[in-house]
Amino acid sequence: MTDDAPEILRYAAFAIRPEGGNPAGVVLDATGLTEERMLAIAAEVGYSETAFLTPGESQGTYRVRYFSPLTEVPFCGHATVASAVALAERIGPGRYVFGTAAGDVPVEVERGADGLRATLTSVEPKVEEVPAADVEEALALLGWAAGDLDPALPPRIGYAGARHLVLAAGTRARLARLDYDFDGLAAFMRARDLVTLQLVWREAPEVFHVRDPFPVGGVVEDPATGAAAAAFGAYLRELGAVAAPAVLTLHQGEDLGRPGVLRVELRAEDARVRVSGTAVAIR
């Protein structure tokens, strides 16, 4: 690799086909790349995030930075899954540890019937109340009414490496209609250090459909969002909406024509959230 021309891999995460899930750029050896160069590469790739890995001192450890086309983000789940699968294809399945701006994130890669599957373990999560005025402003920017929300799943900010505002729609039809004020929502999110909005609809006790507006990254919508999935798992446990141990299934990307599936595991003895999915190379 040279500073001018690093090898850039492209993977679709949380999918078994290249046209599904969320595309991520992956640079497996970003040694020597400046922050400006990484941002320029991410903008050129054009995906919601590109991961840049620098090998650590110990085998299987890497320093990872994540860039959207507009900015660096502290943690990105789908690019983590994509990077881990890319490593496993070259080195072999096993355990990797990604040192991120949010903290160390262990990732286990196993080979299954649907290919290589990566499971990340989040940093310690937390859930915060949201001021009523902020909820009102977010709904106005989305073009939603207060009556569109599911009262059983109140708004909260979830964190498991990055901050996400969780808003639950009362119907699948409400979730399907997404047409928001891009610049206004981006400004709202930047002021509150939010990476995405996690918009959800509950199909069954442990099955959800989700969408993630991502204007702060220069992307209208993220097709499959592992960091938000982890934050959402923490949110559900905090509210008592799901009791651990539990395995949740999140469907995302269907409204974009890029269907993907995220598996979220909550363990009774561990507050951290595990998010798993497959990834496939985009040729």
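## Cavities

How much space lies in the largest cavity? About 60 Å³. This is a predicted model. The count comes to two cavities of 30 Å³ or more.

Twelve names make up the lining of the largest cavity: Glu-49, Phe-75, Cys-76, Gly-77, Ala-162, His-164, Val-195, Thr-196, Phe-214, Asp-222, Thr-225 and Ala-227. By class, six of these residues are nonpolar, four are polar and two are charged.

## The second cavity

The second largest cavity holds about 40 Å³ of space. Its lining consists of Arg-172, His-209, Val-210, Arg-211, Glu-221, His-251, Gln-252, Gly-253, Glu-254, Asp-255 and Leu-256. Five of these residues are charged, four are polar and two are nonpolar.

Two strands, β13 (207-214) and β15 (246-252), each supply at least two residues of this lining. With three residues, β13 gives the most.

## Salt bridges

The structure holds 19 salt bridges. Glu-265 takes part in a salt bridge with Arg-263, at 3.8 Å from N to O. Glu-265 also meets Arg-267 in a salt bridge, at 3.0 Å from N to O. Glu-265 is buried, because its relative accessibility of 17% falls under the 20% cut-off. Arg-263 is partly exposed at 34%. Arg-267 is partly exposed at 29%.

A network of salt bridges with shared partners joins Arg-172, Arg-211, Glu-221, Glu-254 and Asp-255.

Another salt bridge links the side chains of Glu-89 and Arg-90, at 3.6 Å from N to O.

## Ala-224

Where does Ala-224 sit? Its place is the loop between β14 (219-222) and α6 (226-239). Ala-224 is buried, because its relative accessibility is 0% and the cut-off is 20%.

Beyond residues up to four places away in sequence, Ala-224 touches Ala-13, Phe-14, Gly-21, Asn-22, His-78, Gln-252 and Leu-262. Arg-192 lies 32 residues from Ala-224 along the chain, and their C-alpha atoms are separated by 22 Å.

## Strand pairing around β8

Strand β8 (residues 115-121) runs antiparallel to strand β7 (residues 103-112), and six bridges join them. Together β7 and β8 form a hairpin, with two residues between them. Which residue of β8 is the bridge partner of Glu-110? The partner is Arg-117.

Strand β8 also pairs with strand β17 (residues 270-281). This pairing is antiparallel and runs over five bridges. Here Thr-119 has Ser-276 of β17 as its bridge partner.

Notes. Residues are numbered from 1 along each chain as its sequence is written. This is a predicted model: local features need pLDDT of at least 70, side-chain atom pairs count only at pLDDT 80 or more; totals for chains, interfaces and linings use all residues. Side-chain values use heavy atoms; hydrogens and water are left out. A salt bridge is a side-chain nitrogen of Lys or Arg within 4 Å of a carboxyl oxygen of Asp or Glu. Buried means under 20% relative accessible area, exposed over 50%, partly exposed in between (1.4 Å probe, protein chains only). Helices (H or I, at least four residues) and strands (E, at least two) are DSSP runs, numbered from the N terminus. Contact means heavy atoms within 4.5 Å. Two strands pair if DSSP finds at least two bridges between them. On a 1 Å grid over the protein atoms alone, a cavity is a set of points where a 1.4 Å probe fits but cannot get out, and a pocket is an open set with protein on both sides within 12 Å along at least five of seven lines; lining residues have an atom within 4 Å of a point. Grid points are joined across faces, edges and corners, and a volume is the space filled by probe spheres set on the points. Ala, Val, Leu, Ile, Met, Phe, Trp, Tyr, Cys and Pro count as nonpolar, Asp, Glu, Lys and Arg as charged, and the others, Gly among them, as polar.
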